[in-house]
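Here is a quick tour for anyone meeting this structure for the very first time. Have a look at the sequence and the model, then read on.

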Amino acid sequence: MKKNQHRILMGNEAMARGIIEAGCTLAASYPGTPASEILQAVAAFAKETGVSIHAEWSVNEKVAYETALANAMAGRRAAVSMKQVGLNVASDPFLRSAYLGVKGGLIVISADDPGPHSSQTEQDSRFFAMFAKVPVLDPSSPREAKDMVRTALELSENFELPVMLRPTTRVCHARQTVNLSPPEILDRPARFEKNPGRWCATPQFVRELHQQLNDKIEKIAGEPDFSPQLTAGDDSFPGVALVASGVVFAHTWDLLEDLGLLGRVDLYQVTMPYPLNGDFAHRLTLHYQRILVLEETYPVIELQLKSEKVQGRHSKTVPGQGELTPEVIRGVLEKFLGLPETPAATPPGGGVRPTLCAGCGHRAAFYAIRETFPGGIFPSDIGCYTLGMNLGAVDTCHCMGAGINQAAGFYHAYAAGGDEVPPIVATIGDSTFFHAGVPALMNGVIHQARFILVILDNATTAMTGHQPTPEQGVTAMGQPARPVFITDLVRACGVQFLRECDPYDIPGFMSILQEAHHYSRAPEGGVAVVIARHPCILDKKVLAGQPVYEMCVTEDCSGCRHCLDEFECPALTLNEATEQVVIDGVRCIGCGVCSHVCPAGAIEAKRKE
Amino acid sequence: MGICPIPLPQSLKREIDCRESRGHRPRLPRPYGGWERGLGGGQGPSAPGPPPKESILPMKQQIIISGLGGLGALTLTRLLAEAAAALGLEVITSETHGMAQRGGAVISMVKVGPFKGPLIPAGSADLGLFLTLKTLPAHRFYLKPGGAAFVNTATPGDYFHVDGLALSAQLHLPPVAANLALLGYAVGKGGLFCGADLLEKVIGEKTPERFREMNLQAFQAGTAVE
């Protein structure tokens, strides 16, 4: 390829390019916003450059981490990527790998989501790295994120321990021109050197390994390359220092420029928030009287500075929750620097609530569940189907795979208390089921809980961008994979009642749910599983392959709003003047399901030729 | 597929400080002369002055692109970014992902010039492209006082508007082409950091083959709207 190529890349794509250029031979991931595009781009760049790399969508983040780890143990460079809560799933191998270390470099990309925009917590992966004693780099832009991939891998190999790269949503999904270089081909055949004292590390070896880890961290904290960089002021604000990291540094830079203060107040960019350079921490608290730390989302840098002169999230000078947007930072800066405060612009409330797409099979399934069990408890899980909240058919959403365990827990709560047990119908998606559903289902069967599990199988991992599940039999690189089927897994868990149905057939589906309920309450019964199978209609091939109906609402519509409130399809709208329901021809995909919904039978479906 | 920045003669590189026009009705720089319509408070047209001696293109510009999922906001974001890169300008953009296809409102931001961060603070955007009137109330507060709003709608109001859907229908193009019509309209009004010729080149090179003809037609129709 030509030298010095430039291309506009998304932050995730830039990191993927970095992974390829630095000679990684294995990349593993599980989809999660905002990190999902990383592995997709690794596969795309691998094809474009002809580089040989094993890139996989692993079943979950713990699996991804351990797979990548072994590549690094065998002396080859590896990358694992996930969203911040995925790190929770991978926490067991992550924490252990700091002690045992690696031979080839291992980069752990954990993408945070301040706000959050699409996550169940706002946790800070840098804090996790501090807990694990793993160094972490904090990029402020797509360009920096790409460069830091190589830095992380080199550091990882120099010190033989994993290194984390922590982008946030605004870096992952920003686009910027970056330099492209040809990929480095490292001539390193896989070589696993046996060393049970290290790689098995039973307790008697751990104390020594911990000592080594502590020494490594201390050395890294002394590396001048990772000392924060200063953009010096002109003494307009003597004794004052601003310390920022990540995209918050970039916002702060633009804000200072806007306020005419760039180059007038001392501004430090921290690229390695942990371990914070020891010399820097010492000099900072010695030479300045007032120090403001701007970082997301937990006070990682602030806590390492250990001085009363330091203000930040911990000292409540900076809000302790929510994203540090430019508007929020501006308010904090104006107060801290004693500038006139501009009134905060309040964004108008309201907006369009997200909802399942018109024609989504999940909507039909949730409607059927609600209609069959009006007094039921509905533990659920994470995915597009969480939007079943809008239909009143999702009562809990905790973390991957939790819905099934909660269903069992609710059963034991009511049954052991001697109370009448309401119907319990848990829902889980296909990808989520592969991720964490199997141990949960198995446990429910073993301990004789009684509930219904509906597996919502739309043949994809939809919310994060339609990545393949193990059932599809295709890899991240588009090669054939050996498929594993949900029905086989369900039977292997010991389930004795298993049915499948297309949820579009609402009456059929409802009768199967009734059967399932009778089974779960019968003396010899237990956990009943129903698979609701209808592929995601955002796939054009699926749409082309299913019957299309011409939908219309007849004069029999009484304006009872049952379809609007209980079915909630975005193609159903109310004509305010006539107080009757009208079908929005642009949004309707002609699935025909709403014809089952109207109590007056006023919605008609005519098969289109 | 790399981008080779087009070297510009020195005279074209003049920085326009967009902050100077805060509180005043900004003059939208036009490559070929004055401009016709008032901005913001619906004030009447000003008499066009003599055409400027050189082309004045702003070196720093902050643009928001607002719409609902599926209306093509991301396409416009990427085209504007590629246009900036083609001019040798620094650019950084931000996007909303995920919930967009589930009917939510989306906003993208394009910052042309030496910015470090991808977000535009409220009250700082020089102009906004609104793919539907529905999201104007939600996102308008990002515009600076006097910042121009270009809206794809048939309904007149205190903004520039073009009926992109009607234009697309006239040309027998699908409704989604309205986004390119809106872009063409904004360029035609002299609102953007780049001209129509460069954008046509970028559309030709950077949009998928099967949409190219449609995109160019919609774009050109937009530039011709009064």
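## A helix across a sheet

In chain A, helix α11(A) lies across the strands β10 (240-245), β11 (266-270) and β12, and it runs at about 135° to β10(A). That angle is taken between N-to-C directions on a scale from 0 to 180 degrees, using axes that are lines fitted to C-alpha atoms, for helices over the stretch in contact. Helices (H or I, at least four residues) and strands (E, at least two) are DSSP runs, numbered from the N terminus.

Before going further, some ground rules: this is a predicted model, where local features need pLDDT of at least 70 and side-chain atom pairs count only at pLDDT 80 or more, while totals for chains, interfaces and linings use all residues. Residues are numbered from 1 along each chain as its sequence is written, and chains are lettered from A and ligands numbered from 1 in the order in which they are written.

## The sheet itself

What is the strand order of the open sheet of five strands in chain A? Reading across, you get β9-β11-β10-β12-β13, with mixed pairing. Strands count as paired if DSSP finds at least two bridges between them. At the edges sit β9 (229-231) and β13 (310-311) of chain A, each pairing on one side only.

## Where the two chains meet

Here 37 residues of chain A are in contact with 30 residues of chain B. Contact means that the C-beta atoms of two residues, placed from the backbone, lie within 7 Å. On the chain A side, β1 (5-10), β8 (175-180), α11 (247-258) and α14 (326-337) each supply at least two residues. Helix α11(A) turns up again here, giving the most to that side, with five residues.

By class, the side of chain A that touches chain B has 17 nonpolar, 13 polar and seven charged residues. In this count, Ala, Val, Leu, Ile, Met, Phe, Trp, Tyr, Cys and Pro are nonpolar, Asp, Glu, Lys and Arg are charged, and the others, Gly among them, are polar. Strands reach across too: two bridges join β8(A) to β2 (residues 91-94) of chain B, and the two run antiparallel. There, A:R175 has B:T93 in β2(B) as its bridge partner.

## The nonpolar core

The largest nonpolar core has 244 residues. Such a core is a set of buried Ala, Val, Leu, Ile, Met, Phe, Trp, Tyr and Cys residues joined through C-beta atoms within 7 Å. Helix α1 (residues 73-86) of chain B gives the most to this core, with nine residues.

Among the residues with the most contacts inside the core are A:V42, A:A68 and B:F150. Leaving aside neighbours within four places in sequence, A:A68 is in contact with A:L26, A:A28, A:A78, A:A79, A:V80 and A:L106.

Chain A has a cis peptide bond between A:G115 and A:P116, with omega about -10°. A:P116 sits in the loop between β5 (106-111) and α6 (125-132) of chain A. Another cis peptide bond joins A:Y274 and A:P275, with omega about -5°, and A:P275 lies in the loop between β11 and α12 (278-287) of chain A.

A:E160 is not a glycine, yet has a positive phi of about 55°. Its loop runs between α7 (142-159) and β7 (163-165) of chain A.

Key:
Buried ≥ 20, exposed ≤ 12 C-beta atoms within 10 Å, placed from the backbone.
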